[in-house]
Amino acid sequence: MFWKSVVGKLWFTILLLVSFVLAVLTVLLLEFIENYHVDVAEKELNQLANKVSIILENHSDQEQGRSIAWELVDELTNVLIVEDGQYWQSPKNFENSPQISMEQIRRDPDLAAILNSDQNASKRMLLPRTNGNEESEVLVVGVPFETVSGMTGTVFIAQSLLAVHETTKHTTNYIFLAAGIAFVLTTFFAFFLSTRITYPLRKMREAAQELARGKFDTKVPIMQHDEIGELAVAFNQMGRQLKFHINALSQEKEHLSSILSSMADGVITLNIDGTILVSNPPAERFLQAWYYEQGMNTEDEEELPPLALELFQRVVSAEKEQIIEITLQGRSWVILMSPLYNQSYVRGAVAVLRDMTEERRLDKLRKDFIANVSHELRTPISMLQGYSEAIVDDIASSEEERREISQVIYDESLRMGRLVNDLLDLARMEAGHISLNYEETSVPDFIERINRKFQGLAREKGIDLISEIQLKNSVFVLDPDKIEQVLTNLVDNAIRHTDSGGSVAIAISGSDSGLKTDVRDSGSGIQEEDLPFVFERFYKADKARTRGRSGTGLGLAIAKNIVEAHGGTIHVHSKLEEGTTFSFYLPQKTLNNDSV
């Protein structure tokens with residue numbers, strides 16, 4: 001509203017101040033003008049009375065002196081001459097001249113006192129006019145005199161103040177007109193001045209509103225070099241500093257957001273009441289797993305699992321770091337929660353969530369590895385120890401038994417050697433120390449060599465071992481020794497798990513992009529729950545393997561590492577009593593980009 005604005009308040013203040021000053025000046029001027037005119041009239045009337053008294057004093061003929069006095073009277077003046085108890089009044093009777101008589105003088109104590117003194121005196125009083133009973137304000141002046149003959153008397157002159165009042169009235173009108181003009185001009189100039197003064201302030205208000213909307217480039221125009229101009233300069237500097245600090249805060253916020261988003265661990269910031277304030281993507285995945293497990297809507301819920309909330313309450317109450325592990329959707333999460341302080345009191349907590357699933361899996365693999373290695377070594381060591389004791393104790397009664405015991409010891413030592421070599425090879429591969437020697441290899445000749453290698457074993461078991469080759473180009477770049485190790489493991493497993501009368505096929509198909517190899521058998525197959533684990537170390541799908549037929553349990557793990565070192569992939573498909581197919585794919589390479 002206008003009256004509540006700075007312009008309205010300033011304009012109203014200036015008008016009020018000027019109006020008060022004009023009112024005081026008007027009253028003082030009116031009082032001064034009225035007194036001034038009365039004083040002038042009294043002075044002139046005293047001069048006239050003195051002149052009449054001098055005439056009367058200097059004329060021996062009082063009649064002639066009075067005649068001269070009557071000539072000095074105008075239409076607003078009347079003269080009364082008192083001499084030794086006698087009095088004479090001006091014979092001129094004008095319409096507006098006041099009537100003054102001896103009775104009126106005697107009734108007034110101030111005028112009556114002049115008759116018995118030698119001092120001049122004057123007084124304002126009401127007297128009737130000549131034209132009727134209407135009274136008007138009259139100024140009466142009395143001046144004593146002494147004639148040449150020694151007679152004393154007094155001249156009373158009464159003059160109507162109508163002329164003074166008329167003059168005062170006209171002067172008052174002019175004063176009010178001047179005051180009105182001054183008020184109008186003051187109103188205009190006060191409004192102009194207030195708008196001029198407050199224009200930079202209004203610009204600052206508009207700029208402040210723009211700053212509030214986030215437009216930090218807004219500047220206030222500097223049109224003056226006074227205090228308001230300095231204020232505009234300070235405002236612009238404030239805007240620049242505010243923009244700088246806002247940008248710095250935004251950069252810090254973006255930097256912090258980038259750090260949180262790129263963190264592998266989840267981070268959740270909690271308010272003092274347990275509500276979630278900030279979370280990064282890993283933490284959101286944790287919460288989504290919790291919501292999914294509880295069947296809750298992820299858009300409406302913002303709470304932690306009960307165990308995490310209990311941990312939060314312990315952190316807030318004890319003001320100490322707490323840790324807990326939660327399992328959600330088959331994954332292990334470790335929650336480390338610490339209190340957040342606002343100066344001297346706890347205002348919330350920050351939780352760091354780490355997905356420990358892989359660590360737990362690796363820890364389990366480590367334990368299983370130790371258990372499996374211990375188990376795999378325990379059996380041959382026990383057999384070596386037992387049969388060695390049999391030889392030492394000379395339990396074998398014949399040469400044939402001794403040869404049989406020695407053969408068992410020899411086979412078990414070979415088995416232990418294969419196990420140790422496979423472990424060393426697998427450890428080197430998993431550590432990234434596998435070396436590949438790429439060569440241009442004739443695939444048909446390579447497969448034929450593998451086929452001949454296993455033909456004797458296949459004939460002993462009554463298994464048909466065949467090769468199927470479909471290639472556009474018979475030459476392929478690979479490491480023949482390593483791929484031969486892969487095929488040896490796969491074909492050996494296929495023959496050992498295929499009964500007599502079955503078949504094992506090595507199918508090769510190639511294109512410009514790579515080489516695909518399938519090893520199919522018609523054996524017993526692998527159970528569905530075992531398929532995801534066949535490439536793990538020491539995992540044996542055939543729980544009923546016997547000594548002599550059992551491998552180390554590392555062949556498929558080694559094959560997988562060799563294929564992946566070539567940049568390929570390997571997988572398995574199987575059905576119980578229908579057979580198994582191991583397939584691996586090797587991408588095409590050239591000798592000038594060999595990898596190690």
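Author: A word on the record to begin with. UniProt positions are given here in the numbering used for this chain, feature names are shortened, and an annotation may be inferred rather than shown by experiment. With that in mind, the unreviewed UniProt entry places the feature "transmembrane region" at residues 12-33 and 174-195. The model itself is predicted. In it, residues 12-33 are 100% helix and 0% strand. The end C-alpha atoms of that stretch lie 31 Å apart. Residues 174-195 are likewise 100% helix and 0% strand, with end C-alpha atoms 31 Å apart.

Now the wider setting. The protein has 13 helices and 17 strands. Of its 596 residues, 37% are buried. Among contacts with a separation of 6 or more, 59% join residues 24 or more positions apart.

The part I would pick is helix H12, residues 480-496. Start with the core. The largest nonpolar core has 45 residues. Those with the most contacts inside this core are Ile-483, Leu-487, Val-491 and Phe-584. Helix H12 gives the most to the core: seven residues. The core also spans a domain boundary, drawing at least three residues from domain 3 (360-427) and at least three from domain 4 (437-587).

What does Val-491 touch, leaving aside its neighbours within four places in sequence? Val-491 is in contact with Ile-450, Phe-454, Leu-465, Ile-506 and Val-519. A second core is separate and has 23 residues. Leu-270, Ala-289, Trp-290 and Tyr-291 are among them. As a general point, nonpolar side chains in soluble globular proteins tend to be buried together.

Side chains of opposite charge can pair when their charged atoms come close. The whole structure holds nine salt bridges. One of them joins the side chains of Lys-453 and Glu-484, at 3.8 Å from N to O. Lys-453 sits in helix H11 (residues 443-461) and Glu-484 in helix H12, so this pair ties together parts 31 residues apart in sequence. Buried or partly exposed: which is Glu-484? Glu-484 counts as buried because its relative accessible area is 19% and the cut-off for buried is under 20%. Lys-453 is partly exposed, at 45%. Arg-449 joins in as well: Arg-449, Lys-453 and Glu-484 are linked in a network of salt bridges.

H12 also holds a pair within itself. The side chains of Asp-492 and Arg-496 meet in a salt bridge of 2.9 Å, N to O. Both residues lie in H12, four residues apart, about one turn of the helix. Asp-492 is partly exposed, with a relative accessible area of 23%. Arg-496 is buried, at 18%.

Now look away from H12. Arg-360 and Glu-325 also meet through their side chains, in a salt bridge of 3.1 Å, N to O. This pair links distant parts of the chain. Arg-360 lies in helix H9 (residues 357-392), Glu-325 in strand E8 (residues 322-328), and 35 residues separate the two. Arg-360 is partly exposed at 34% relative accessibility. Glu-325 is partly exposed too, at 39%.

Asp-355 belongs to strand E10, residues 345-355. Asp-355 is partly exposed, with a relative accessible area of 25%. Its side chain makes a polar contact of 2.6 Å with the side chain of Thr-357. Beyond its neighbours within four places in sequence, Asp-355 is in contact with Arg-331, Ser-332 and Trp-333. Trp-333 is 22 residues away along the chain, yet the two C-alpha atoms are separated by 4.7 Å.

Asn-78 lies in strand E1, residues 77-83. Asn-78 is buried, with a relative accessible area of 2%. Residues up to four places away in sequence are not counted in what follows.

Technical notes
Residues numbered from 1 in each chain as written. Predicted model: local features only at pLDDT ≥ 70, side-chain atom pairs only at ≥ 80, totals over all residues. Heavy atoms only, no water. Buried < 20%, exposed > 50% of the residue type's maximum accessible area, 1.4 Å probe, protein only. Contact = heavy atoms within 4.5 Å. Polar contact = N/O pair within 3.5 Å; in protein donor to acceptor, adjacent residues only side chain to side chain. Core = buried A, V, L, I, M, F, W, Y, C linked by side-chain atoms within 4.5 Å. Domains from an automatic or database assignment. Salt bridge = Lys/Arg side-chain N within 4 Å of Asp/Glu carboxyl O.
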